[in-house]
Number of protein chains: 2
Amino acid sequence: MSDSARHGNPRPQGSRIDPYFDQYAQRARGMVASEIRALFAVTARPEIVSLAGGSPYVTALPLDVVGDMVGDLVAGQGSVALQYCTAQGDPGLREKICEVMSLEGIKAHPDDVVVTVGSQQALDLITRIFVDPGDVVLAEAPSYVGALGSFAAYQADVVHVQMDDDGLIPEALAETIQRLTSAGRTMKFLYTVPNYQNPAGVTLAAGRRHRILEICRAAGLLVIEDNPYGLLGFDGEPPRALRADDPDGVVYLGTFSKTFAPGVRVGWAAAPSAIRDKLVLAAESAVLCHSSFSQLAVREYLATQPWREQVKAFRELYRQRRDTMLDALSAQMPEGCRWTSPAGGFYVWLRLPDGINSKAMLPRAVSSRVAYVPGTGFYADGSGTDHVRLSYCFPEPDRIREGVRRLAQVIEAEIDLRATFGSVPSLGGPGSDTPGPGDL
Amino acid sequence: MSDSARHGNPRPQGSRIDPYFDQYAQRARGMVASEIRALFAVTARPEIVSLAGGSPYVTALPLDVVGDMVGDLVAGQGSVALQYCTAQGDPGLREKICEVMSLEGIKAHPDDVVVTVGSQQALDLITRIFVDPGDVVLAEAPSYVGALGSFAAYQADVVHVQMDDDGLIPEALAETIQRLTSAGRTMKFLYTVPNYQNPAGVTLAAGRRHRILEICRAAGLLVIEDNPYGLLGFDGEPPRALRADDPDGVVYLGTFSKTFAPGVRVGWAAAPSAIRDKLVLAAESAVLCHSSFSQLAVREYLATQPWREQVKAFRELYRQRRDTMLDALSAQMPEGCRWTSPAGGFYVWLRLPDGINSKAMLPRAVSSRVAYVPGTGFYADGSGTDHVRLSYCFPEPDRIREGVRRLAQVIEAEIDLRATFGSVPSLGGPGSDTPGPGDL
């Protein structure tokens with residue numbers, strides 16, 4: 001309650017623009033929309049090639065078949081599918097989730113699993129459970145924008161740890177933990193996307209995985225393994241999950257958003273039992289329970305449809321698009337650009353030539369009918385102006401080629417500008433660079 | 001990070017039962033399952049008549065027709081229904097939501113609406129936005145258990161305001177605000193369920209509504225109007241919403257859980273624009289976006305099905321069950337019991353004879369094959385031992401009669417026990433009395 005209210009004055013308090021301004025919680029002060037958000041609204045226009053969005057290509061699903069399946073589900077099991085569920089989630093779905101995780105070497109029991117509203121909710125609940133304001137969360141540099149959003153919502157202090165083309169660097173992790181420990185900081189967990197990382201597209205090398213686990217174990221540091229893309233690798237078997245080798249020290253987050261469909265919002269956490277208990281209670285206070293309708297649709301899909309074949313089809317589709325993008329980048333990008341070569345997933349991480357600012361360039365790119373996500377969205381510390389994230393998951397190959405061509409021209413124009421004026425103006429103003437859900 | 005970890009010792013820290021015990025956030029300390037939760041698991045057994053659960057009777061829906069509808073939705077619009085949505089929610093659904101709210105006198109624009117994962121998520125997000133630890137939230141005495149769970153998750157200090165058979169008492173509200181203001185407390189909002197309240201079954205009298213709004217306006221206090229049952233009144237027109245008369249001072253929460261189906265988890269908040277903006281950002285960090293699959297199912301249901309007729313059918317069904325329960329209570333309950341007569345919704349609030357403890361009685365009731373929710377779940381301050389919540393929404397009328405008969409016998413046995421021993425032993429131990437989602 002504001003001072004004016006305390007003294008009995010009527011509304012408005014706060015500012016004229018927002019009468020509730022001085023009533024928000026501390027944690028809400030940072031909830032300000034970024035100015036690039038408005039730009040992303042524009043990128044839905046058909047004339048713009050969006051290499052920004054992380055939307056899976058759900059049109060590749062057999063929609064008629066899935067339609068029949070959900071129709072039968074409601075007609076035959078509607079009294080369950082349309083009813084409340086437990087906060088932990090449907091037991092049959094949790095069994096199926098354990099089968100899915102076994103493909104990555106995880107031995108889990110359905111009791112270990114909590115179904116969540118996408119893995120985003122799992123991130124939110126994990127942070128809710130562990131993070132007091134000012135606590136440190138370790139995350140890769142760069143890291144997933146949606147996770148950074150959750151960490152910010154609970155006022156975590158994100159400290160980034162260096163990556164290279166083989167993922168998180170163990171020595172950098174050890175050094176960071178050492179430094180923060182010496183400084184008396186309270187670290188709550190390491191957040192990592194080990195496979196085909198969003199946004200960097202890199203994968204944690206097999207040889208580094210045990211070392212990362214050892215370092216965290218020695219430091220008493222929980223690992224949050226976020227693995228949306230693990231089954232979407234383009235070569236060989238899925239990488240072995242971190243949780244497969246340390247079920248007591250790792251909370252594994254999974255999702256059906258990329259292997260089936262994001263529109264059902266079905267993700268999960270597999271966690272040590274004490275943490276699982278807290279997650280269930282936290283989920284209950286957040287949403288009571290997840291949608292039975294969505295959960296049972298996924299359960300039926302896994303039980304009755306050839307989902308492994310469908311994942312293979314998705315892999316092939318995304319591999320072609322990855323190849324298209326890498327070929328186009330090689331053919332078109334001006335000197336001074338560098339980019340990663342993802343072995344799976346949705347994203348290429350492009351480094352711009354020195355002195356080009358990805359955030360400042362975005363409005364000019366959108367004018368040239370191509371969109372991307374500026375690298376700044378993937379850092380909590382203001383880094384990333386020299387990078388952009390490009391996604392190849394949604395646009396058709398022809399559009400990918402055209403988008404890269406347009407982007408190359410924009411970058412060339414920036415290089416010319418820089419050569420002429422010495423620097424390029426930047427977008428200012430407050431707010432996170434978080435784009436909307438379709439852009440993640 | 002624990003001290004042991006800080007000094008480089010390996011896990012386990014914390015206790016042997018929960019190695020993460022000393023790493024949780026402050027807010028998670030209170031997340032402990034109640035001992036009555038285990039009892040509720042038992043109440044799903046068919047031999048037990050549960051008057052505990054708040055599950056709507058979804059079997060009354062034309063499941064074949066709804067099945068065809070969702071099947072067509074996925075087959076025909078799957079590329080949207082299975083894709084990400086915006087965090088604010090589907091625009092077409094938000095239009096329909098405004099039509100629904102107009103039945104209660106609300107004039108809203110689709111821009112004012114944020115679709116949430118049930119109205120529970122709206123409660124969670126509102127609390128997230130406004131409440132710092134220790135802030136006061138005003139709520140009716142008793143109040144909805146799920147709301148108390150959200151308030152507790154953000155460490156709010158809930159102060160209950162007295163109700164009577166006409167709902168919240170304006171003088172009690174004014175007096176409470178005055179007292180807290182004098183004590184220098186920070187109040188963030190009044191939370192109220194004005195219609196067919198959960199758990200008390202009472203409705204805020206029309207003559208009190210303006211007075212409640214005036215008191216809050218004068219105090220600069222936001223009103224959260226939670227209205228799941230507004231369209232499920234048994235007599236006449238739906239009560240006029242508080243928001244209809246003060247759109248700038250009221251956040252309205254609605255849901256399709258009771259008028260359509262809880263399994264889709266589609267609720268909403270209609271809020272002043274500044275709060276709406278914060279809600280969208282908070283929703284994004286909590287779940288990215290709600291399920292398109294669920295949202296579009298509800299949108300199609302509202303657009304293509306005779307939903308007003310279905311609500312009327314639900315009303316008739318629940319009215320019969322309410323009548324059955326009230327008749328059975330009159331016929332069976334021992335002297336000293338009193339109960340409310342709800343004019344809509346799902347619940348009767350039963351006061352036990354002096355000296356009978358509703359929580360202590362529960363295990364004995366379950367042994368006698370009847371379940372209810374002890375009144376303690378609906379207070380943040382330990383009150384409620386003298387009350388139980390009885391729901392008539394889910395069981396068939398014969399089962400309602402049988403359940404009330406069994407409960408009456410249990411209460412009579414308690415009265416005998418009390419007469420013999422002078423008091424009745426109570427369940428002890430920590431934890432909230434919050435039952436699971438089906439019990440709300």
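Visitor: Do strands β8 and β9 of chain A run parallel or antiparallel, and how many bridges join them?
Guide: Strand β8 (residues 250-255) and strand β9 (residues 266-270) of chain A run antiparallel, and 4 bridges join them. One example is A:Y252, whose bridge partner in β9(A) is A:A270.

Visitor: What counts as a strand here, and what kind of model is this?
Guide: Strands (E, at least two residues) and helices (H or I, at least four residues) are DSSP runs, numbered from the N terminus. This is a predicted model, in which local features need pLDDT of at least 70, side-chain atom pairs count only at pLDDT 80 or more, and totals for chains, interfaces and linings use all residues. Residues are numbered from 1 along each chain as its sequence is written, while chains are lettered from A and ligands numbered from 1 in the order in which they are written.

Visitor: Back to the strands. What is the order of the sheet in chain A?
Guide: The order is β2-β9-β8-β7-β6-β3-β4-β5, an open sheet of 8 strands with mixed pairing. Two strands pair if DSSP finds at least two bridges between them.

Visitor: Which strands are at the edges?
Guide: In chain A, the edge strands are β2 (113-117) and β5 (167-168), each pairing on one side only.

Visitor: Which strands does helix α10 of chain A touch?
Guide: Helix α10 (residues 273-287) of chain A packs on the sheet and touches β2, β8 and β9 of chain A. The direction of α10 makes about 30° with that of β2(A). Such axes are lines fitted to C-alpha atoms, for helices over the stretch in contact, and the angles run from 0 to 180 degrees between N-to-C directions. Two residues are in contact if their C-beta atoms, placed from the backbone, lie within 7 Å.

Visitor: New topic. How is chain A divided?
Guide: Chain A has domain 1 (35-60 + 309-439) and domain 2 (65-304), with bounds from an automatic or database domain assignment. The C-alpha centres of the two domains of chain A lie 26 Å apart.

Visitor: What about the two chains? How many residues are in contact there?
Guide: 94 residues of chain B are in contact with 95 residues of chain A. On the chain B side, α3(B) gives the most, with 13 residues. That side of chain B divides into 46 nonpolar, 32 polar and 16 charged residues. Here Ala, Val, Leu, Ile, Met, Phe, Trp, Tyr, Cys and Pro count as nonpolar, Asp, Glu, Lys and Arg as charged, and the others, Gly among them, as polar.

Visitor: Where is a cis peptide bond found?
Guide: One joins A:A141 and A:P142, with omega about 5°. A:P142 is in the loop between β3 (136-141) and α6 (145-153) of chain A. The bond from A:N198 to A:P199 is also cis, with omega near 15°. Most residues other than glycine have a negative phi, and most peptide bonds are trans.

Visitor: What is phi at A:Y196, and is A:Y196 buried or exposed?
Guide: Phi of A:Y196 is near 50°, a positive value in a residue other than glycine. A:Y196 lies in the loop between β6 and α8 of chain A. A:Y196 is buried, because 27 other C-beta atoms lie within 10 Å. A residue is buried with 20 or more other C-beta atoms within 10 Å of its own, exposed with 12 or fewer, and partly exposed in between, with C-beta atoms placed from the backbone.

Visitor: And what is phi of B:Q155?
Guide: It is near 60°, a positive value as well. B:Q155 counts as partly exposed, with 17 C-beta neighbours inside 10 Å.
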